[in-house]
Amino acid sequence: MDRPAVLIVDDMEVNRDILSFYFRKEYTVLEAADGEEAIDTIKKYTDRIALVFLVFYMPGKSGLDVLSFMQTDNYNIPVIMVTGEPDNELEKQAFALGAADIIYKPFAPDVVYGFASKYIQW
């Protein structure tokens, strides 16, 4: 991997495919279908991951569980939370655990890419 990586974590393949499409020309795209896979990927590619897109709700470990792991183990990777519906309590928890931002589905490519370019420091 010579290019910076974007990790997309979502239990729905179609959502991973959409975000992957936005970034695959410029970045290496890594995908995880659940929180456990996300944690394993973060451990393996820590030095290459420039940004994480992470959904709140997944079977098993949630997005908040992944954020908690990242905070506890001092992973300094920006995380943009992805959700379909606003939830003030979840958003507060995400920011308390170090989330950089939150985007809402459905999203436009220019909005997603704008968020990413704001946080990727490579």
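Biologist: At 66% relative accessibility, does N74 count as buried or exposed?
Modeller: This is a predicted model. The cut-off for exposed is over 50% relative accessible area. N74 has 66% relative accessibility, so the residue counts as exposed.

Biologist: Where is N74 found, and what is its phi?
Modeller: N74 is found in the loop between α3 (63-72) and β4 (79-83). The residue is not a glycine, yet its phi is positive, at about 55°.

Biologist: Which peptide bond is cis, and what is its omega?
Modeller: The proline involved, P106, is found in the loop between β5 (101-104) and α5. The cis bond runs from K105 to P106, with omega near -10°.

Biologist: How are α1 and α5 oriented to each other?
Modeller: Helix α1 covers residues 13-23 and helix α5 covers residues 109-119; their axes come within 10 Å and cross at roughly 70°. Angles of 65 to 115 degrees count as roughly perpendicular. The two helices, α1 and α5, are therefore roughly perpendicular.

Biologist: What is the handedness of the crossing of α1 and α5?
Modeller: The axes of these helices cross at roughly 70°. The crossing of α1 and α5 is right-handed.

Biologist: Which residues of α1 and α5 meet, and of what class are they?
Modeller: From α1 come L19, Y22 and F23, and from α5 come P109, V112, Y113 and A116. By class, this contact has no polar and no charged residues; the seven are nonpolar.

Biologist: How many aromatic pairs does the structure hold?
Modeller: A pair of aromatic rings is described by the distance of the centres and the angle of the planes. The number of aromatic pairs in the structure is four.

Biologist: What kind of aromatic pair do F23 and F53 form?
Modeller: The pair links distant parts of the chain, with F23 in helix α1 and F53 in strand β3 (residues 49-55), 30 residues apart. F23 and F53 are both buried. Their centres are 5.4 Å apart with 35° between the planes, and the pair is tilted.

Biologist: Is F69, which forms an aromatic pair with Y75, buried or exposed?
Modeller: The pair of F69 and Y75 is tilted, 5.1 Å centre to centre and 35° between the planes. Buried means under 20% relative accessible area. F69 has 14% relative accessibility, so the residue counts as buried.

Biologist: Which residues form one aromatic cluster?
Modeller: Two of the members, F23 and F53, pair with each other. Another member, Y113, meets α1 from α5. The cluster is formed by F23, Y27, F53 and Y113.

How values were computed. Residues are numbered from 1 along each chain as its sequence is written. This is a predicted model: local features need pLDDT of at least 70, side-chain atom pairs count only at pLDDT 80 or more; totals for chains, interfaces and linings use all residues. Side-chain values use heavy atoms; hydrogens and water are left out. Axes are lines fitted to C-alpha atoms, for helices over the stretch in contact, and angles run from 0 to 180 degrees between N-to-C directions. Helices (H or I, at least four residues) and strands (E, at least two) are DSSP runs, numbered from the N terminus. Angles under 35 degrees count as roughly parallel, over 145 as roughly antiparallel, 65 to 115 as roughly perpendicular and the rest as oblique. A crossing is left-handed if the near helix is turned anticlockwise from the far one by less than a right angle, and right-handed if clockwise. Contact means heavy atoms within 4.5 Å. Ala, Val, Leu, Ile, Met, Phe, Trp, Tyr, Cys and Pro count as nonpolar, Asp, Glu, Lys and Arg as charged, and the others, Gly among them, as polar. Rings of Phe, Tyr and Trp (its six-membered ring) pair if their centres lie within 6.5 Å; planes under 30 degrees apart count as stacked, over 60 as edge-to-face and the rest as tilted. Buried means under 20% relative accessible area, exposed over 50%, partly exposed in between (1.4 Å probe, protein chains only).
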